[in-house]
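Biologist: I have a model open and want to learn how to read it. Can we go feature by feature?

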Amino acid sequence: CPSCHCPARLHSWGRQKSIFERKQVGILLPTKSGDFCLCVQDVLLTFKREEEYKEMHIAKYGDFRFKLNDWFTRQEVYEWYEWQNTGIMRWCKAKCHGMGYSAYFASDYCRLYTGNLRQVLRESVIKYVPVKEIFENAKKCDHVADVLEAIRARKEMGEKLAKGGLYDLVWEDISRTYGNEELDRRGSSLEEILGLDKERVKAAMRIKATMSELKVLKAACRAKVYLKDALVSGIAEFYGNRGVNDLYFIVQRHNLEKQITYMRKLPTYNSQSPTLVARDYEDFLRQLELLNIPRTKENKFPANFYHVHAELQEEIDSKKEALEKAAIKKKNRVLKNIVKGLKTKYELDSDEFVIVWPNSKADFSAEGQLQHNCVGGYFDRMCKKETIVFFLRRKENPETPFCTVEFNNNKCVQCRMIYNRDAEKAAWDYMHRLEQHLLDLEKQEEEKQKND
């Protein structure tokens, strides 16, 4: 497999007449004007059964040329195509012939031939940068023109990193995926560029560090912890997406080497990304903390991880549910005391309507479900005395919901029937009478306070 490098076997091997593989290959050439030409060809490789798939037959299809200036900025794109229906094949500008406007999308994605790079670049602005080694050793250097331009823009730092064997750091920096925060372009030495001490710079060079491994080394440097090279790579594998601040606490853990080994043995390690495996394990550690379970070796590394993980989550959920029930029970008592003080205040005779007060969270939920509204979310607000909610019923049928009402500052804010429809005129007339009744009570209370 070209991605994970595990051996793979084609099940129909020996039965197919031909096996094909398609690649884009490129070569960089100098021009007489001092610029550069990147030639990209679409190549088809064919292996035939009668030749035991040993002989390689090469066929060329697409053929493009990218003109680069002396700073490796792309200037023009050409294609080998028929010139204006004349039957003459020649190099044509891609933006005005054959491919329409696809010059803006013509890709310099290819595998670059590196045998001539030193000679081609010996008089260029990046002549001191080991470009050949970067293209040969970095994991991805496919968009050649962009890579060359980025190497030129960062040539001083790229030269130091590449000469230290840190080709993946060069690539990750020039690809603009990372680099802006972890590498110091103003640094004059590897220690300053990487933000590491001498010992950890040597470690980075030994393992040919990626950006994830660099973050682990920076966290270890800050925590004054020395890690084995294999452990640095293991931490980067599982926690490489974390920032240095998070890694600072991870690198200080006890039994860290055993933890990495343990996570590699988990059944999901081969079926999902290491980042997701680490997320499950971090969630497990959080469960131990929530349940006050000591982090001993036996507790941290159970034999059946996902079974224990599920059991702990069930225990956490049951405790959380018990706490929520206790909190609701306490709020129900608060609600009853509030309603007790409101009942006499909101008493107003009516031949048609009667007020029903909620006494628990369940009453709010039931009203919301029957009326198809959001009154269930007003339970906490009423317990905090932020608003007043009650249910308006018809006298002849007090058990059937009719209107849900909200009062605030002695004013009716909402009076809604089922599906949040506006209430009937008779209900609103009763609400207006109730508002006036509350204002009269307020005036009486003010006069009483003055007389006292």
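Biologist: Where is Asn 409 found?

Modeller: Asn 409 is found in the loop between strands E9 and E10. Helices (H or I, at least four residues) and strands (E, at least two) are DSSP runs, numbered from the N terminus. This is a predicted model: local features need pLDDT of at least 70, side-chain atom pairs count only at pLDDT 80 or more, and totals for chains, interfaces and linings use all residues. Residues are numbered from 1 along each chain as its sequence is written, and side-chain values use heavy atoms, with hydrogens and water left out.

Biologist: Is Asn 409 buried or exposed?

Modeller: Start with the scale. Buried means under 20% relative accessible area, exposed means over 50%, and partly exposed lies in between (1.4 Å probe, protein chains only). Asn 409 has 71% relative accessibility, so it counts as exposed. Its phi is near 55°, a positive value in a residue other than glycine.

Biologist: Which loop holds Lys 385?

Modeller: Lys 385 sits in the loop between helix H16 (379-383) and strand E8 (388-394). Its phi is also positive, near 65°, and again the residue is not glycine. Lys 385 is exposed, at 66% relative accessible area.

Biologist: What is the phi of Asn 292?

Modeller: About 55°, a positive value, just after helix H12.

Biologist: How many residues does H12 have?

Modeller: Helix H12 (residues 274-290) has 17. H12 reaches 24 Å from its first C-alpha to its last, close to the 24 Å expected.

Biologist: Which residues of H12 are buried?

Modeller: They are Val 277, Ala 278, Asp 280, Tyr 281, Glu 282, Phe 284, Leu 285, Gln 287 and Leu 288. Their cover includes helix H9 (229-239), helix H11 (256-264), helix H13 (297-300) and H14.

Biologist: How do I read a single buried residue? What is Ile 151 in contact with?

Modeller: Contact means heavy atoms within 4.5 Å. Leaving aside neighbours within four places in sequence, Ile 151 is in contact with Ile 126, Val 129, Val 131, Ile 134, Phe 135 and Ile 174. Ile 151 is found in helix H3 (residues 144-153) and is buried, with a relative accessible area of 3%. Ile 174 is 23 residues away along the chain, yet the two C-alpha atoms are separated by 6.6 Å.

Biologist: Where does Ile 193 lie?

Modeller: Ile 193 lies in helix H6 (residues 190-194). It is buried at 1% relative accessible area. Neighbours within four places aside, its contacts are Met 157, Lys 160, Leu 161, Glu 182, Leu 183, Asp 184 and Gly 187. Glu 182 is 11 residues apart along the chain from Ile 193, with a C-alpha separation of 8.5 Å.

Biologist: What does the side chain of Ser 350 reach?

Modeller: The backbone nitrogen of Phe 353, at 3.1 Å. Ser 350 lies in the loop between helix H14 (305-343) and strand E7 (353-356). It is buried, with a relative accessible area of 10%. Not counting residues up to four places away, Ser 350 touches Lys 395 and Tyr 430.

Biologist: Which residues line the largest cavity?

Modeller: Among them are Asn 373, Tyr 378, Val 389, Glu 406, Arg 416 and Asn 420. Strands E9 (403-408) and E10 (411-416) are the elements that give two or more residues to this lining. E9 gives the largest share, three residues.

Key: On a 1 Å grid over the protein atoms alone, a cavity is a set of points where a 1.4 Å probe fits but cannot get out, and a pocket is an open set with protein on both sides within 12 Å along at least five of seven lines; lining residues have an atom within 4 Å of a point. A polar contact is a pair of N or O atoms within 3.5 Å; within protein, one must be able to donate a hydrogen and the other to accept it, and residues adjacent in sequence count only if both atoms are side-chain atoms. The expected span of a helix is 1.5 Å times one less than its number of residues.
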